[in-house]
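My notes are below, in the order I looked things up.

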Amino acid sequence: MFRLPVFREPLHVGRPNIGDREKLREKIDDALDRRWLSSGPLVRELEERVAALAGTAHAVATCNATVALQLAARATGVQAGAEVIVPSFTWVATPHALDWIGLTPVFCDVDEETAGIDPAHAEKLVGPVTGAILGVHAFGRPCPIDELTELADRHGLPLLFDAAHALGSTHRGRPVGGFGSAEVFSFHATKFINSFEGGALVTDDPRVAERARAMRNFGIGEDREVISSGTNAKMSEASAAMGLVSLERVDALIDQNTRNHRLYEEGLAGLPGISVRGQAPGERANHQYLVIEIDQAAAGVHADQVHTVLERHNVLARRYFHPCCHQLAPYSDRPETHAPLPLPRSEALAERVLALPTGEVIGEEEIDGVCRIIRWAVETGCADGAPSTTD
C-alpha cells in the first residue's frame, strides 16, 4: 500500500544556517556605499574574527576552501611534482585541490575510531619525493595531530590540515587552527558557519601568511609589487558580511548541534548495530555533522538499505565518504601513481557511515521522526515501505 512520506518537505544534510538578515543587509549596504566590493574592511574584520577563534596570529580569507588548500601548499614551499600524503577517507575536494596544481596525492589509510589519517601508515608512505603531509579533521574530530607533527618534523616536511569541518573544535584544549604549518577552514554554504562561499588559511607563521596573501591576489605583495606567481582567490565583501553575521551565532549554533547530537543518541539508543559517532573525549566539538555507523552484521541491514528507506521518506542522508577517494576517477585510473591500494580501514568505514540532518532547522520533532524511520528499518530488515505519520 502506498504511504505518504513521514516528511512532506525534504530534510537536508548541511542545509545552510542563516544569520540575522537585517544585520547582513546593513553590512552589504555599507559595502555598496563604500563601493569597495572585494578584499575590503569586511574581509579584514572577518580575518581578525577567524584568527581569534582559531587562536592563531594570522588568517587569510579566500573565495573558497579549495583554493585555500592550494595556497597553503604553495605558501609552505611544496613544489609541483611532489607527493602529498593524504587520507582517502575525505571529500574528493581535498585530493583534487592538490592534483589540480600538479601535486600527487598519495592515499593513506585511517584509524577507524577517529576517521583521521593513520600515522603508522603515513610513515610507510614517506619517500624521496614526498613534499608534505595533509591531515583531515573528518567530521570535526581532530586527526592524530601530535603523532603527525612528530612524523613531519622528523622528516622535515610541512604539515597541513584540512580543517573544513573543525572550526570551533579543540585538541588538547587548544582551538583547531594553530597546528602544523597551516590549517584551512571552509565557509561553504553547507558548513555551520558560512559566508555563502569562502574559506580561510590560518597560521602562526608570518612568512606563510605573507606569501598566501600575495598569492591570493595575483602574487602582488603589500607594496603593490608583484613578488610571486599567484591566482585570484580574493573573498568578496558580501561573502565576508555573511561570514561575520554567521560568526556572531557560533556558540548558539554549536549548542544547537550538541543538543541534536544528544537527541539522536537517545533516539537510537539500544538499537542493534547502530551507533552515533562521537567526538574526542574532553574536547569542545562543533558537532557540525551528525554521523551514524551501521554495522551490517549486528543490525541486519546495510547502510545503503537504510539510506534508501530514509530517502523514500524525504530524509536526504549522505554516504560520506563513499566511495573513498582512491576508488574514484581520476585516482582509481592511476593505481600505480596513487599506490599502495587497497585501504581496508578506509573502505570498511565508508561502508558503515551515514550522515543525517542537523543544524538550526532540525529540532526534536524532526529527529524523533528520523530515528523512528531508522529503528523501523532495522527492526523489519528494511521491508518494503516504511513508517509514516500519514496514510
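I started with Asp251 and Arg284, whose side chains meet in a salt bridge at 2.7 Å, N to O. For the record, a salt bridge here is a side-chain nitrogen of Lys or Arg within 4 Å of a carboxyl oxygen of Asp or Glu. This pair links distant parts of the chain: Asp251 sits in helix H9, and Arg284 in the loop between strand S11 (274-276) and strand S12 (290-294), 33 residues apart. Helices (H or I, at least four residues) and strands (E, at least two) are DSSP runs, numbered from the N terminus. Asp251 is partly exposed at 46% relative accessible area, and Arg284 is partly exposed too, at 35%. My cut-offs: buried is under 20% relative accessible area, exposed is over 50%, and partly exposed is in between (1.4 Å probe, protein chains only).

A note on what I'm looking at: this is a predicted model, where local features need pLDDT of at least 70, side-chain atom pairs count only at pLDDT 80 or more, and totals for chains, interfaces and linings use all residues. Residues are numbered from 1 along each chain as its sequence is written, and side-chain values use heavy atoms, with hydrogens and water left out.

Next I searched the whole structure for salt bridges and got 20. One of them joins Glu248 and Lys23, with the closest N and O atoms 3.3 Å apart. Glu248 is in the loop between helix H8 (237-247) and helix H9 (250-268), Lys23 is in helix H1, and they are 225 residues apart. Arg154 lies in helix H6 (residues 145-155) and Glu123 in helix H5 (residues 119-125), so the pair ties together parts that are 31 residues apart in sequence. I then found Glu112, Arg277, Glu293 and Arg352 linked in a network of salt bridges.

Then the cysteines. How many disulfides does a search of the whole structure find? I got 0, a disulfide being a pair of cysteine sulfur atoms within 2.5 Å. The sulfur of Cys143 has its closest cysteine sulfur in Cys108, 10 Å away, which is too far for a bond. For Cys371 the closest is in Cys382, at 15 Å, again too far for a bond. Cys143 is buried, with a relative accessible area of 2%, and Cys371 is buried at 3%.
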